[in-house]
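Biologist: Can you walk me through this one? I'd like to start with a sheet.

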Amino acid sequence: MPSVARKPSTFLVHRFDAASWPVFVFDDQRVLRYLNGAGQRVLGHPEDRLLGQQAQFHVLGQLPPAIQALSDICPSADAFSGKLESRHIQLGVGQTDQPALHWSAIYTPLIDSKSPGAGAAVLLTMFPLEQASDLVPAADQDQLHSELHRWRSAFRAGFATSRLVGESTAIQRVQKQIELAAATPMPVVVHGAAGSGTEQVARSICYRSGPGDPRRVMSLQGDLMDAEIMQSSVRAFLSQLAEDADQGDEQASLILLGADRLELSAQSALLHTMQRTGADWRIVCTARESLLALAAKGAFREDLAYRLSTLEIALPPLCDRPEDIPLIAQAVIEELNLQSKHQVRGIESDILERMIQMPWPGNLDELAEVVRQAHARSTHAMLSGDDFSLDRIPGAGEESRGQEDPPTQLDDFLLEVEQELIVRALRQTHGNKTKAAEMLGISRPRLHRRLEQLRIEDAD
């Protein structure tokens, strides 16, 4: 007697269950609706922790382990728009209990013929590669995504900020200094220009092993401290430590933000408190410039500067590591993906090239804000020049508020911003190009080149 024919869907599920390679199905909201046994083994988590969970296009490692494992294989927005996509994926990154494995991943859109405009589910099948040398170069839009995954395996696991992303010599030196600072109880000063990420680095040092106990890390704002507030704040912190003496060997840290803005009485109070207390806590300071350099100019107590500056970490301005800009921008995009239903895959290469050429006087904060605004405007998988248009040029004057200017393309907008910043610096320094270059955070020869290229005449 012939066997009863099964529905195609039942037959496919049976075949997928029996397959030796991983198979996954995501719905149009990136929620995992199916995985087979091989998929569970590859991700290292049981079915009940994965099914029904939403994946994000994000590989920075900031999610719970099961969700991050799912997000490591998340389809891009292109796959959900009906495009066949293939990508190479490395799993087991940073795990000591299993070697990293390379996979060829194929994302097949599953489009409903009755409502093709309603979005697509995506079928993911993964096939193992024998070795990393079998990998073909990733598509341009996926190279930065893959580089972020590699950066996470090398550095991200113990630190809490993507502001340290990069492969430049300058940021690699900073990464090594941060690892040293995190491993010892010595006082640290993290200094750099505005927007360079000093606070994020200071917190990363203090929370190097994960979220930690917030009671054992306290932050103070230097510009808000006088002698009385400084003494009472530090004493309250030490009293809390005494009450929590049974917390074990976890390092207690005081983060002093903007130490260079401490008034003299607060500096004296801090030094007096440090001299009278034990060495079971350490202090991590942030500043715009080296406290030792300020002390040499008579702008800071020398004895306190030496006490705080056992280790100094100087964060480079973004213009000194332009090769890191594409990777930083990609990291910002993937962090924004965690907060948005719209998932962005990356930035078009011609826009990235233009971004590399810009001076970014606001450093990482300025870059992050430009990318954030573009992400908010975008309706496509890749950010293009149209997404970087703004309503008006920042700093054009209060009289422009409320007026609707026509959208400006990214190249024109960035050129006008750069020209405005240079002209302002020259006016404020009465035409002194050396001081103007210092204010802009660039070299004097570079300022001369931009003056010629932008055809800016001397200002006074």
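This is a predicted model: local features need pLDDT of at least 70, side-chain atom pairs count only at pLDDT 80 or more; totals for chains, interfaces and linings use all residues.

Biologist: What holds strands of a sheet together in general?

Modeller: Strands of a sheet pair through backbone hydrogen bonds, either parallel or antiparallel.

Biologist: New topic. How many aromatic pairs does the structure hold?

Modeller: It holds 3 aromatic pairs. Take phenylalanine 16 and tyrosine 34: their ring centres are 6.2 Å apart and their planes are at 40°, so this pair is tilted.

Biologist: Why is it called tilted?

Modeller: Planes under 30 degrees apart count as stacked and over 60 as edge-to-face, with the rest tilted. The planes of phenylalanine 16 and tyrosine 34 are at 40°, so the pair is tilted.

Biologist: Where do those two residues lie?

Modeller: Phenylalanine 16 lies in helix H1 (residues 8-18), and tyrosine 34 lies in strand E2 (residues 32-35). The pair therefore ties together parts that are 18 residues apart in sequence.

Biologist: Are they buried or exposed?

Modeller: Phenylalanine 16 is buried, and tyrosine 34 is buried too.

Biologist: What about tryptophan 21 and phenylalanine 127?

Modeller: They form an aromatic pair that is also tilted. It is 5.7 Å centre to centre, with 40° between the planes. Tryptophan 21 sits in the loop between H1 and strand E1 (23-26). Phenylalanine 127 is in strand E5 (residues 120-128), 106 residues apart from tryptophan 21. The pair links distant parts of the chain.

Biologist: How exposed are tryptophan 21 and phenylalanine 127?

Modeller: Tryptophan 21 is partly exposed, with a relative accessible area of 35%. Phenylalanine 127 has 33% relative accessibility and counts as partly exposed.

Biologist: Let's move on to E9. How many of its residues are buried?

Modeller: In strand E9 (residues 281-287), 7 of the 7 residues are buried, so E9 is largely enclosed by the rest of the structure.

Biologist: Which residues are on each side of E9?

Modeller: Trp281, Ile283, Cys285 and Ala287 are on one side. Arg282, Val284 and Thr286 are on the other. Both faces are covered.

Biologist: Which way does E9 pair with E6 and with E8, parallel or antiparallel?

Modeller: Strand E6 (residues 188-191) pairs with E9 in the parallel sense, over 4 bridges. Valine 189 stands opposite cysteine 285 in E9. Strand E8 (residues 252-257) also runs parallel to E9, joined by 5 bridges. Alanine 252 stands opposite tryptophan 281 in E9.

Biologist: Now a helix. Which residues of H14 are buried?

Modeller: In helix H14 (residues 349-357), the buried ones include Ile351, Leu352, Arg354 and Met355. They cover an arc of only 160° around the axis, which puts them on the same side of H14.

Biologist: Why can residues a few places apart point the same way?

Modeller: An α-helix has 3.6 residues a turn, so residues three or four places apart point the same way.

Biologist: Tell me about isoleucine 351.

Modeller: Isoleucine 351 is in helix H14. It is buried, with a relative accessible area of 7%. Its C-alpha atom is separated by 8.5 Å from that of leucine 383, 32 residues apart along the chain.

Biologist: Last one. How many helices and strands does the protein chain have?

Modeller: It comes to 18 helices and 12 strands. Of its 460 residues, 48% count as buried.

Definitions and conventions
Residues are numbered from 1 along each chain as its sequence is written. Side-chain values use heavy atoms; hydrogens and water are left out. Rings of Phe, Tyr and Trp (its six-membered ring) pair if their centres lie within 6.5 Å; planes under 30 degrees apart count as stacked, over 60 as edge-to-face and the rest as tilted. Buried means under 20% relative accessible area, exposed over 50%, partly exposed in between (1.4 Å probe, protein chains only). The arc is that of the directions from the helix axis to the C-beta atoms. Two strands pair if DSSP finds at least two bridges between them.
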